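I opened this model to look at how its parts touch. My notes follow in the order in which I looked things up.

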Amino acid sequence: MKKKISVFAAMAFIAIGMHAQTFQQALFLDGYRLGYRHNPAIQNESGFLSVGQWENQTRNNFGAASFLFPREDDVVTALHSSVSAEEFLGSLSDDNFFTGNINFNLVSYGWRKDKAYHTLEANIRATYGASIPLEIFSIAKLGTGEAAYDLSGMRAFGNVITEVAYGYSYKFSDIVSVGARAKLLVGIESLNYSVTRFDMNFTEDAYTADVEADLDLTSRWSKIRADENGYLNLLDLSSKDKWKLPSGAGLAIDLGVIVTPLEGLTLSASVLDLGGILWYYGNAGKSEGTTTFTGVKNLSLDDIKEGNITAQFKDVRDDFIHSIKIKSVESWKSIEAIPFNVNLAAKYEMPFYRALAIGATGNYIGCRGMDYREVRGVLAWNPFNCFSVTGNGGTGTYGPVWGCALNAAVYNFRLTAALSNGFGGTVPYSDVPLKPNNKVVTVGLTYDL
Amino acid sequence: MRFKSIVFAAIAILCAACSNMEYDISEGINKELTLFEDEISVPLGSIGPLTIGSTLNGVSKLEGLGGMVAEYIKQDADGNLILDASGDIFRINIYELEKRLGDVSTAQTWNSGFQMGYIGGMASLLGYINLKAVNQKIVVSASNPLYVNVPASCDASATCMGAGGITSTRIEGLDNFTMPGGSTKELLTIALPEEITDPVAYISLSNLTLDLPANPLSKVSDKNGNLFFAFSYYFSCGIAVGENFSIPVSDLSINSADVAIGKYRLKKCQFTVDLESTIPLSVNISNIRAVKPPKEDGSQEVDENIVITGDVTVPGGSEEKPASTTITLSVEALEGTIPDISGMLVDLNLSAGSDLGDVALCADQGLYVKSSSARITGGITIPQE
């Protein structure tokens, strides 16, 4: 029964895996050697070695402009009286999240053997994020006009995994290539904090909070100790008697196909990250409780005169904190599916000037509650073997997007730098986006063998 | 040079494209917040019980007129509130007495005539504020400076004055008595009949005679001690309210309500209080007005922009029959927001609880705020500082 519950819980919170958007311009940037990540059917002309490619994706469905509002010579917050509720709350979603994904390539190696192309690589990937429901902002802005609020859906998560992948691509003919990559996933650490129930009831007589939250922290490296009452002390870690084993293990595959029906026209389709990972949550906890605040209790004149009201409110606060304290529960395992990634692309090289190409890409990331999709038109210029550049524009879940990529070679070294971003700008002198945004930065260096 | 200019211009354009200078927060953000713009209800909780006893016990000392009255009010062993007074009915120095006797070579009977001791203190004022005296008790004591017993006699009576007119009650037991030598002795304690609810105004001793020995001065027990023949009283009574009790007070100033809420820019607050009262007094507060902070010359005036409305009537109750009521009080600014309030002016009427009859006041009676809440409409502004 416990296992069944675990699986259901896992399915309910699958939005915590690897969901990085791959480098969408891979098909268009001729000198890019790690295109097989976008579509495992992509082959390079020769072998290569790559060390240290950095890919960073950040995604948020709300921006700083939801919380900051320019007013004449001033910038005010969303809770300023000059900002209407419609202006503030209208810019937010029911579930407001930000998430980030870092993919650091330790090493990649590719080699050709006849019509086949092999790749082998090892990566470290980290994912983090958090989400806050709209109701919390609504209460702060408007108050408690409604009696009952559902504040569940708050969550924070993060995980770190290593990935070892082997890819194989075979060119059946000049028209069709197919490829697949098998990935062995090794979980290092995973943390989920999820508020599954948070019912707040506001009446004149009482505030009632009914809270249920789960904390799942893997780690075979250390154990969070519990106090005498069974509550986890997050600051009390012990590594005694712990297995020095990974916290998770899993498999995933990428599948892809490249079709060249006409000379100069290339069609690409791939599905990435089909699979899952089994996490061992060695530190699991649950907080559950109901707190009712009815104001101060039997306050006396002395309490008022001596300032003891503060102490009474402190008691209430302690009650609430006690209700959300995390009690240790039995360790458990969970299979978590990995949000998948679907990529489509079409490239057409100009017959009059093959170095110039146009095309389109489409991308969908299936990620419960955080799905993302976009399409782009692409213009690529690959005039020399040592220089390629692309530019693109399109629209995504959060509005217009743009991107550019560059690949330049010096001798056998190739530098790739790419940026994909949305419009809307940032807060000056910072990297904080003003609008909902999806941003991917890619920087890498390869060596042609 | 031209190339550099082009590069700088390109960077500037790129930065401008990426950043929106309207959102420049490098100089800081205006942190003023207005929370709960529509409405918020806040449970304030329960208060009390605020008993008369706890108010009088000195910890939660009342101030002003209330405190002055409280100084005189005491509690007996049963927690009943009492007022008391003590004083002399008659006293005469032994030297003065010998002078009046003239020839003291033989024993003689001395008649002091009519003597009267007025009851002072707050007890005598009960009638003036329509309170009733219950459980009236008089203790008469006598003091004899001689070392020999002195027989004495008198007609003693207690005279009550109040709504019932003037009534005298004879104090039995002082027809013939002995004043023991060299001591002060409680001669008797009498309790007035329950039906007498007007407080005792004075105690009189008529035809007070002392059977004195010859040469009384030579029989003084301690010439450095007591040299007086004296009759004194101790009077105590409980306090009760009856159906005629009523104290209307206009423009009662509550200066301690100094509330600096202006900076929070509240527009409207409504307070709801569920009360239970065991005090046999009905309290009605009406015509509540907010007073502006004092001007430079110290004068204050009512803030006409603030409207305070509500039905603030707390019915009288008793411990056997507590009175429950819900009070609502609304504070609203006609224009703008509620500024600082320096004090309040109210009209107050204290009256006896209906259908309760005469109920003595005791320490356990009080008010209990069973629950209370505030509803704030229009937001609460937290200033930037």
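**Entry 1. The two domains of chain B.** I looked up the contact between the domains and found 12 residues of domain 1 of chain B touching 11 residues of domain 2 of chain B. I count two residues as in contact if their C-beta atoms, placed from the backbone, lie within 7 Å. On the side of domain 1 that touches domain 2, the elements giving two or more residues are α2 (52–56) and β20 (359–360) of chain B. Helices (H or I, at least four residues) and strands (E, at least two) are DSSP runs, numbered from the N terminus. I then sorted that side of domain 1 by class: nine residues are nonpolar, one is polar and two are charged. Nonpolar here covers Ala, Val, Leu, Ile, Met, Phe, Trp, Tyr, Cys and Pro; charged covers Asp, Glu, Lys and Arg; the others, Gly among them, are polar.

Next I checked the bounds. Domain 1 of chain B is 33–53 + 256–382, and domain 2 is 67–241. These bounds come from an automatic or database domain assignment. The centres of the two domains, taken over C-alpha atoms, are 47 Å apart.

**Entry 2. Ground rules.** The model is predicted: local features need pLDDT of at least 70, side-chain atom pairs count only at pLDDT 80 or more, and totals for chains, interfaces and linings use all residues. Residues are numbered from 1 along each chain as its sequence is written, and chains are lettered from A and ligands numbered from 1 in the order in which they are written.

**Entry 3. Confidence in chain A.** pLDDT is the predictor's confidence in each residue, from 0 to 100. Chain A has a mean pLDDT of 85, and 91% of its residues reach 70 or more. Where does pLDDT stay under 50 in chain A? I found it over residues 1–19, for which the model has 38 contacts beyond four places in sequence.

**Entry 4. Chain A against chain B.** I counted 40 residues from chain A and 39 residues from chain B in the contact. On the chain A side, two or more residues each come from β3 (68–71), β4 (74–77), α3 (134–142), β16 (296–299) and α4 (301–305) of chain A. By class, that side has 21 nonpolar, 12 polar and seven charged residues.

I also looked for strand pairing between the chains. β16(A) and strand β3 (residues 45–51) of chain B run parallel, joined by two bridges. Two strands pair if DSSP finds at least two bridges between them. A:Leu299 stands opposite B:Ile47 in β3(B).

**Entry 5. The chains one by one.** Chain A has five helices and 25 strands. Its C-alpha atoms fill a box of roughly 90 × 60 × 35 Å along the principal axes. Of its 449 residues, 41% are buried. Buried means 20 or more other C-beta atoms within 10 Å of the residue's own, exposed means 12 or fewer, and partly exposed lies in between, with C-beta atoms placed from the backbone. Among contacts in chain A with a separation of 6 or more, 68% join residues 24 or more positions apart.

Chain B has four helices and 22 strands. Buried residues make up 28% of its 385 residues. For chain B, residues 24 or more positions apart account for 86% of the contacts with a separation of 6 or more.

**Entry 6. Strand β16 of chain B.** I followed β16 (residues 281–291) of chain B to its partners. With β19 (residues 343–352) of chain B, the pairing is antiparallel over nine bridges. In that pair, B:Asn284 has B:Asn349 as its bridge partner. With β17 (residues 306–314) of chain B, β16(B) pairs in the antiparallel sense over three bridges. There, B:Ile285 stands opposite B:Val312.

**Entry 7. A:Asp214.** Is A:Asp214 buried or exposed? It counts as buried, because it has 20 C-beta neighbours inside 10 Å. A:Asp214 sits in strand β10 (residues 207–217) of chain A. Leaving aside neighbours within four places in sequence, A:Asp214 is in contact with A:Ser194, A:Thr196 and A:Lys286. A:Lys327 is 113 residues from A:Asp214 in sequence and 9.4 Å away in space, C-alpha to C-alpha.

**Entry 8. Positive phi in chain B.** I noted B:Asn207, a residue other than glycine with phi near 55°. B:Asn207 is in strand β12 (residues 200–212) of chain B. I also noted B:Asn215, with phi near 45°. B:Asn215 lies in the loop between β12 and β13 (228–241) of chain B. B:Asn207 is partly exposed, with 13 other C-beta atoms within 10 Å. B:Asn215 is partly exposed too, with 13 other C-beta atoms within 10 Å.
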